[in-house]
Amino acid sequence: MKNSILFSSKKLGTFKASNRIVLAPMTRSRTAQPNDIPTDLMAEYYAQRASAGFIITEATQISAQGKGYSFTPGMFTAEQVTGWKKVTQAVHQANGHIVSQLWHVGRMSHASFHADGLPVAPSAIAPDAQVWVVGVDGIGRMLDCPVPRALSKQDIKEIILDYRRAASNAIEAGFDGIEIHGGNGYLIDQFLRRSSNKRDDEYGGSITNRLRFVMEVLEAVGDEIGANKVGIRLAPFITQRGMDDAEAIDAILLASKKFNEMGLDYIHLSEADWDDAPMVSDEFRHALRANFNGSIVVAGNYTAKTGVDLIDTGLVDFVAYGRKFLANPDLPYRFGHELPLNEITDTSTLFGGDARGYTDYPNYADTKSVN
Ligand SMILES: Cc1cc2nc3c(=O)[nH]c(=O)nc-3n(C[C@H](O)[C@H](O)[C@H](O)COP(=O)(O)O)c2cc1C
């Protein structure tokens with residue numbers, strides 16, 4: 001495995017990834033409260049995983065309005081930027097590279113995060129979904145998302161400015177780039193799909209209109225920090241969270257041509273969310289490769305072998321690993337030496353909590369010295 005393509009370097013944007021194994025973005029909800037500030041513990045967690053070709057952070061809200069879950073980090077206050085600096089410094093000291101995943105959840109949110117009790121969305125349609133909210137009793141629960149408020153055109157302009165400011169903040173915080181979260185049923189995805197976007201202005205209706213929001217976001221952040229520091233995550237195949245739209249694939253393929261013209265750094269496909277894993281057709285992979293000259297990253301239930309096999313086809317460049325990397329901070333080492341993997345031991349530690357189930361998963365070398 002050590003000699004496989006998984007361990008070959010590749011240039012990405014402004015840095016060179018030393019391998020093709022990426023830490024997939026994973027929300028872990030461990031910010032300091034109040035105000036959702038990244039901590040020393042988060043710096044330790046990411047630095048432990050710095051042997052990845054590059055790290056994509058957990059989703060990070062661009063504004064207070066963009067928040068949908070308890071304890072997720074932000075990128076819109078000076079305190080948050082200072083917190084993130086500790087994370088980027090720790091990763092860089094460990095010779096890693098790290099990009100910030102920026103999100104606005106749109107309607108995937110809860111009344112308690114909004115002064116007027118209303119999340120926002122392209123149209124006033126509730127998702128069939130729940131978000132994780134910690135109550136005043138300190139207990140986290142999955143709660144229904146309410147019917148959101150439809151955005152005005154002025155609101156849309158302000159959100160695009162929020163993306164621009166968050167991108168600028170991410171660079172100030174020392175990130176090597178950003179990934180715009182355009183998948184998994186969040187705001188950008190809500191604009192993209194007919195099921196969640198019923199607007200009759202220039203942001204709704206035709207595919208071109210439904211792509212207008214994401215294009216304006218990418219133009220703004222590309223203008224702010226350079227398109228070669230910008231990737232985008234998309235989830236063409238999801239149907240849950242009220243996102244079912246057979247036209248999503250066509251929309252995303254058309255978008256990929258536009259992303260190419262803009263000179264985006266990479267497209268990241270979220271192929272399987274947890275175990276909802278539709279097969280991705282070869283036809284789609286070939287079409288995406290033909291449309292887009294940047295790098296292609298994939299994620300979703302990959303093993304070392306399936307990752308190598310797919311990169312070997314020449315259709316993708318990087319494979320992001322979520323749960324395996326969560327439980328194995330030294331995942332590239334384990335893959336390279338074909339060593340056994342730790343499993344996630346306690347799912348109650350996935351979201352929120354302390355070092356347990358977060359920074360205490362052992363490297364292989366540590367288990368050897370203990371035994
Ligand atoms: C605990 C957890 C949190 C996640 N949070 C995010 C997130 O913040 N942003 C995102 O785009 N995907 C998120 N995902 C999805 C992962 O990035 C990845 O696509 C998914 O886990 C499938 O990959 P895997 O089979 O290698 O775990 C999360 C997944 C897990 C397990």
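Helix 3 (residues 153-172) and helix 5 pass each other in a right-handed crossing; a crossing is right-handed if the near helix is turned clockwise from the far one by less than a right angle, and left-handed if anticlockwise. Helices here are DSSP runs of H or I with at least four residues, strands are runs of E with at least two, and both are numbered from the N terminus. The model is predicted, so local features need pLDDT of at least 70 and side-chain atom pairs count only at pLDDT 80 or more, while totals for chains, interfaces and linings use all residues. Residues are numbered from 1 along each chain as its sequence is written, and side-chain values use heavy atoms, with hydrogens and water left out.

Two packed helices are described by the angle between their axes and the distance between the axes. The axes are lines fitted to C-alpha atoms, for helices over the stretch in contact, and angles run from 0 to 180 degrees between N-to-C directions. For helix 3 and helix 5, the axes come within 9 Å and cross at roughly 35°. On the helix 3 side, the contact (heavy atoms within 4.5 Å) includes Ile-156, Ile-159, Ile-160 and Tyr-163. Helix 5 contributes residues including Phe-213, Val-217, Ala-220 and Val-221. By class, this contact has 11 nonpolar, 1 polar and 4 charged residues. In this scheme Ala, Val, Leu, Ile, Met, Phe, Trp, Tyr, Cys and Pro count as nonpolar, Asp, Glu, Lys and Arg as charged, and the others, Gly among them, as polar.

Helix 5 (residues 207-225) also packs with helix 6 (residues 248-262), their axes coming within 10 Å and crossing at roughly 35°. This crossing too is right-handed. The contact of helix 5 with helix 6 divides into 9 nonpolar, 1 polar and 3 charged residues.

Helix 1 (residues 40-48) and helix 2 (residues 78-93) have axes that come within 8 Å and cross at roughly 25°. Helix 1 is therefore roughly parallel to helix 2, a label for angles under 35 degrees. Their crossing is right-handed. Asp-40, Met-42, Ala-43, Tyr-46 and Ala-47 of helix 1 meet Trp-84, Lys-86, Val-87, Ala-90 and Val-91 of helix 2. This contact has 8 nonpolar, no polar and 2 charged residues.

The loop between strand 3 (21-23) and helix 1 contains Pro-34, which is joined to Gln-33 by a cis peptide bond with omega of about -5°. Ser-29 lies in that loop as well, and its phi is near 55°, a positive value in a residue other than glycine.

On a 1 Å grid over the protein atoms alone, a cavity is a set of points where a 1.4 Å probe fits but cannot get out, a pocket is an open set with protein on both sides within 12 Å along at least five of seven lines, and lining residues have an atom within 4 Å of a point. Residues lining the largest cavity include Leu-12, Phe-15, Asp-176 and Tyr-266, and its lining divides into 5 nonpolar, 3 polar and 3 charged residues.

Definitions and conventions:
Angles under 35 degrees count as roughly parallel, over 145 as roughly antiparallel, 65 to 115 as roughly perpendicular and the rest as oblique.
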